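Subject: Structure for you to look at

Hello,

Here is the structure I said I would pass on. Please open it and keep it in view while you read the notes below.

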Amino acid sequence: MVNILLAEDDVSLRKLMTYYLEQNGYHVLQARDGEHALALLESNHVDLLISDVMMPVMDGYSLVKALRESNYELPILIATAKELIQDKKKGFEAGTDDYMVKPLDMEEMLLRVEALLRRAKIQTEHKLGMGDTSLDYDTLSVTTVDGVFELPKKEFYLLFKLLSYPKKIFTRQQLMDEIWGYDAEADERTVDVHIKRLREKFEDNKDFKIVTIRGLGYKAEWHENI
């Protein structure tokens, strides 16, 4: 089970967020402030942190900064009422991976949590492969019978993500949010352009293919599923 650490000093909101997370299969550790969160991290495995900013004892920015300085690589989502661009900049400079502004939409929070966990899964697995094809996350390269292809970052992330979840359909918007980020200025046509480039590069590959799901998005399939 995925363990989520929730640092939030508002008791009612903490209970509400915990309820939604647990209803969706996550185990939640509750912290009342940043210092309490650090103590829980020392004695528990945590897969993702959700943190408020304005908390007593230790605020969210200080918590995130302390974790990154201590080489914690877990994904972090800041959820706060501080909405100015300089506030967001401070959060990302401290080391957060995503930023939500209160009042929170619980469904959006769940989507962002899922996206962060998926990105973390891709980053920790590093390699995928089947048949004569292998993908190496560290070098952004794809090795096939035709040689080694070093892909642009977004193309590789897109292919790696699709092949990490064979037969799973992703909408264009899901792919935009998870590869380019929720605040990206590019539109969904960007996904189509990158898919077209990938197909051109691997049109003769017998180990996988990328399938268009009309009206929805895309999925990828390894040869054993084709």
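I begin with one residue. Asp-136 is buried, because its relative accessible area of 17% falls under the 20% cut-off. Please bear in mind that this is a predicted model. Asp-136 belongs to strand E7, which covers residues 133-136. Leaving aside residues up to four places away in sequence, Asp-136 touches His-126, Lys-127, Ser-141 and Phe-156.

Next, the sheet. Strands in a sheet are held as pairs by backbone hydrogen bonds, and the pairing is either parallel or antiparallel. Here, five strands form an open sheet in the order E2-E1-E3-E4-E5, and the pairing is parallel. Which strands stand at the edges? They are E2 (27-31) and E5 (98-101). Each has a single partner strand, so one side of each is left without a neighbour in the sheet. On average, neighbouring strands of this sheet are turned by 20° against each other, with direction ignored.

One pair can be followed residue by residue. Strand E1 (residues 3-7) pairs with strand E3 (residues 48-51) in the parallel sense, over four bridges. Within this pair, Ile-4 stands opposite Leu-48 in E3.

Finally, two helices lie across the sheet strands. Helix H1, residues 11-23, lies across E1, E2 and E3, and runs at about 165° to E2. Helix H3, residues 60-69, lies across E1, E3, E4 and E5. The angle between H3 and strand E4 (76-80) is about 170°.

Regards

Methods. Residues are numbered from 1 along each chain as its sequence is written. This is a predicted model: local features need pLDDT of at least 70, side-chain atom pairs count only at pLDDT 80 or more; totals for chains, interfaces and linings use all residues. Side-chain values use heavy atoms; hydrogens and water are left out. Buried means under 20% relative accessible area, exposed over 50%, partly exposed in between (1.4 Å probe, protein chains only). Contact means heavy atoms within 4.5 Å. Two strands pair if DSSP finds at least two bridges between them. Axes are lines fitted to C-alpha atoms, for helices over the stretch in contact, and angles run from 0 to 180 degrees between N-to-C directions.
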